[in-house]
Every structure is written in C-alpha cells, then in structure tokens.
Amino acid sequence: MLQGRLFRALSGWDHGGVRRGLAYLLVALLGAAAGLLALGAVTTAQGRVGPGRVAVRAHLGAGRTELRLPPLGQISAATHAFPVTLTGQVDEVSIERLQDLLKDDAPADRLRSEVSADLEPLVRSFAWRALAVAAGAGALAGALLPRRRWTHALTGSAGAVVAVAVLLGGAWRGYDAEAFERARFEGPLERAPSLLATVRRHVDDIAVVRKRVQALGDQVAELYSVASSQTGGPLGGDETRILHISDIHSNPLGLEVTRRLAEHFKVAAILDTGDLTSFGLPVEGRIGDLVGTMGVPYLLVPGNHDSTENRRTLAAVHNVQLLDGTVADVGSVHILGVGDPTFTATNEVSTDEAEATKRARAPDVAARSEALRPDVLAVHDPVLGEASQGHVPLIVAGHLHKNTAARKDGTLVLTVGSTGATGLGSFTVDTGSPYEAELLHFVGHDLVAVDRIDLHGVGGAFRVERQIVPQPGEAPELATQEGRLP
C-alpha cells in the first residue's frame, strides 16, 4: 500500500513537471516569435557612414542583403543561408563631405577607410538594439499570458533574445561578401555597368574643371578681341555680365562648373532657369549648401523638377533670390522670373497635362510682363513665355537640354542646354552630354552679345561661341573657338 502511494506521488510530480516544462517552452517560443516580429517592425539603427547617413534594418525573409539607394534603385545578393533579410538604405548624402572626399589624392581608399571605421559601430549598435527590442517584446508576450507569473515574462524575454541572437549570429558567421559579384540590380541601377563607368568619368571631371575653365578664359579673351573688331570697339563701359545656367538636375559638378565660370568671368549674377533639383526628394534641397558658396547673387526660377519643399529650402539660402512672378535688378537689367506651375518628377502629372497647364498660364505671364515691362523674362519651359513674345525684348529658358536661339515677333528667345550634363540622370545613362552655360552681355538695358560654352568629358574638349546679338533685320555675327586641353 505504501509503495502504491509513493508511486502515485512520484507519477503526479513527473506529470506536473512535464506540464510546467512544456508551458515554459511554449512561453519561450511565443517570446521568440514576438522578438522576431519586433526585429523587422521596429528595429532600426541609423548613423553616419562615409559621406552619407545609412539606416540598417533586418526582418524575416530570404537570406539576402539589400542595399537601397533611393531614387536609383537597389542592389541585392544572396549573402547568407539563415532566413533573415538585411537591409541598408542610404537616407542622406552630404554633398559637402562628398566633395571633400573627391578632392583627396586617393578617394577610393579614403572612402573604404571611412566606411570601415563608421560601419562597425553602426552594426554593433544595431545588434544591441535588436537584442534589446527582442527582450522587451518577449517579456511583453509572456506577461500577457493568462495565469501569468513573473517567470513567464523572464522566459519570454530569454526566448526572444536567444532566437534573435541565433538568427543574426548565424547570418554573420556565414556571411559571404563575395556574393555581391553576382548581385541583382533593380530600378535604374539595372544599368549598373554604365553607372559605374559614368561615375568614374564624373569623378575624373572634378580634377580638371579648374584647368579647363582657365583654358576657356583664355579662349574667350580671344573672342572678346574678335568681337571688338567686328563691332568697332569694346562692348561698353557699363557692361553687365550675367551667367545663364539651367537643368543642373542635382549634379554637384554642374554647380562647380558654374562657380568657376562665375568667378573667372566676374559676372554680376547667376541666372538659373530651373530644375536645379531632379527627383523631388527633400534631401536634394541640401544642394543649396553648394549654391551658398557662389560669390554673387543666385537668381533661381524654379522648374518642373523643383518641388514646393525644395523651392522653400533653396529660397532660404543667403544668396538665393527665388523669382516667381517677381523682378530682380542686376545693374541696369530688370529680370522678371516666373516659376514653372507644374511638378512632374513623380510622374503624377503627364507631359501633356503639364504642357496644357503651362499654355493656359502663358497669358497671365504675358499680362505680368506688360505690367512690369522687364528687360528679360526668365522661365523654365519656353512654352510658358510664348504669349509674351512681342511684349519683352528677351526671353531666356532651359528645359529643352539644348541651345536654341530664335527671334519671334521681335523677341529674342534663348534656351541654354543642361549645365548639369543632364544631372544625376547621367549617372544611370551615360549620354556623353556636355556641361553647357552661356554668358549674357548687356550694355544698359540691351543684350549685345552671348558667349555659349560647352565642356565635354575628361578629355578636355570645349567649345566657345560668341554671337553678337543683331537688332531686328540685321544679320548675326559669329566668332567661334574650339579646342582640347593638353
């Protein structure tokens, strides 16, 4: 009888212990599930890596690493076997730090060194954050169980930490960085080979900009002599020079070209007829840091790629005057600027809809021109100025990415090509487009000459064309210099 009671007691204890063990195992598994869900939902580490700010995330998924480069797309590779997708996204790039980096004698080596030094603490921070979030999520899951005990919260927390540690640790130990040699490109980065080649070309361009502008200065000086002989003398003692640029499209090299041209030719102001930015992203407004280095007033007429937010950001730069229905005086020259009424960078508005909007707005622009009687009407798209032809002496624009000149109803209409060589678009499509700008020479209120400048590639090819502006009925006079840097 005593033996039977002892057997039943031991049996009851065993069954109760098994039940409690299974209960704690289920709590641990529940905590692990909560920790893994929290890993992808709320765990993010952000920090400075090289010239940019990077956000690191992870979530359950295929064993891949994704590097996202908005708006260019993403690069991904199967780097590990454990079922976790690791994501790194470039949220911001400091143009100033990038320029400083590119001035280094060995920019690639310096970039690798900076990224290596910055990435280790960022990854370590992410791991600690992931474990902390997992511990909290697991503890919460355990604490919400019926008949809960404090041990349930502790068990759930431990299960979550172990699960996340095993998942991230397994991915780290089996990580194959060479998998990126077989990477998959998505978005515009599908054109990765041309992207890399074009980036190298633009990096090399920075090293020769100063030399090329100096050579251009010598050539333009010769053109001044030619033009003087054609017109019977110098342009005039009260000459005002304005540098006309357009369509930078967020290319910092285009602004470097602009700054050096402005300094070398001692212009009174820079007139930018729009699309200084390209994609409508708030980070692009930081290009204003480069605009702020210009030593002269920067008159900006917004284009259809300049978002409302970026227009406000750029207007706050100390030397920028944003023209949208307003007049700026440069010397004796009165300039009316009218910003583009459309924003098409997000493709929410079609090209046809945008053009219809501008044609509908053109009569209002003409009325504004008649009321203010400017010497120059500056718009981004020449369509916006069509109704003003015959009411102003000069209309300047961009948008077309090519140089054009025509006299219509007594109004001279000039468009300048892309001073950004099609901008960041040239980082994904190697178009070979030149950096284009033009110097507008005024005597009093009248445009008397235009110097058109094209800079091509790292080979140093350039072209400078001076055109003496004819009065109605007169034939144009032209002088051209072409060459290649030694």
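Begin with the loop between β15 and β16 (411-415), where Asp409 lies; helices (H or I, at least four residues) and strands (E, at least two) are DSSP runs, numbered from the N terminus. Asp409 is not a glycine, yet its phi is positive, at about 55°. Its relative accessibility is 63%, so Asp409 counts as exposed; the class exposed means over 50% relative accessible area, buried means under 20%, and partly exposed lies in between (1.4 Å probe, protein chains only).

The model is a predicted one, in which local features need pLDDT of at least 70 and side-chain atom pairs count only at pLDDT 80 or more, whereas totals for chains, interfaces and linings use all residues. Residues are numbered from 1 along each chain as its sequence is written, and side-chain values use heavy atoms, with hydrogens and water left out.

**The whole chain**

Next, select the entire chain. Its secondary structure comprises nine helices and 20 strands. Of the 486 residues, 47% are buried. Among contacts in the chain with a separation of 6 or more, 63% join residues 24 or more positions apart, a contact being heavy atoms within 4.5 Å.

**The six-stranded sheet**

The open sheet has six strands in the order β11-β12-β13-β14-β16-β15, with mixed pairing; two strands pair if DSSP finds at least two bridges between them. At the edges are β11 (326-330) and β15 (404-408), each of which pairs on one side only. On average, neighbouring strands of this sheet are turned by 20° against each other, direction ignored. Axes here are lines fitted to C-alpha atoms, for helices over the stretch in contact, and angles run from 0 to 180 degrees between N-to-C directions.

Within the sheet, select residues 376-379 and 394-397. These are strands β13 and β14, which pair in the parallel sense over three bridges. Val376 has Leu394 as its bridge partner in β14.

Show the side chains of Glu355 and Arg359. They form a salt bridge in which the closest N and O atoms are 2.8 Å apart; the term denotes a side-chain nitrogen of Lys or Arg within 4 Å of a carboxyl oxygen of Asp or Glu. Because the two residues are four positions apart in α9, about one helical turn separates Arg359 and Glu355. Arg359 is partly exposed at 40% relative accessible area, and Glu355 is partly exposed at 31%.

Move to Asp247, in the loop between β7 (239-245) and α6. Asp247 also has a positive phi of about 55° without being a glycine. Is this residue buried or exposed? Asp247 counts as buried, at 0% relative accessibility.

Continue to helix α6, residues 252-264. Its 13 residues reach 18 Å from the first C-alpha to the last, close to the 18 Å expected at 1.5 Å a residue; the expected span is 1.5 Å times one less than the number of residues. The helix is mostly covered, with eleven of its 13 residues buried. Among them are Leu253, Val257 and Leu261, as well as Glu256 and Arg260.

Which residues are linked in a network of salt bridges? The network consists of Glu256, Arg259, Arg260 and Glu263. Within it, the side chains of Glu263 and Arg259 meet at 3.0 Å, N to O. Both residues lie in α6, four residues apart, about one turn of the helix. Arg259 is buried at 19% relative accessible area, whereas Glu263 is partly exposed at 45%. Just after α6, select Lys266, which takes a positive phi of about 50°.

**A last pair**

Finally, select Asp289 and Arg286. Their salt bridge places the closest N and O atoms 3.2 Å apart. Asp289 is partly exposed at 39% relative accessible area, and Arg286 is partly exposed at 34%. The structure holds eleven salt bridges.
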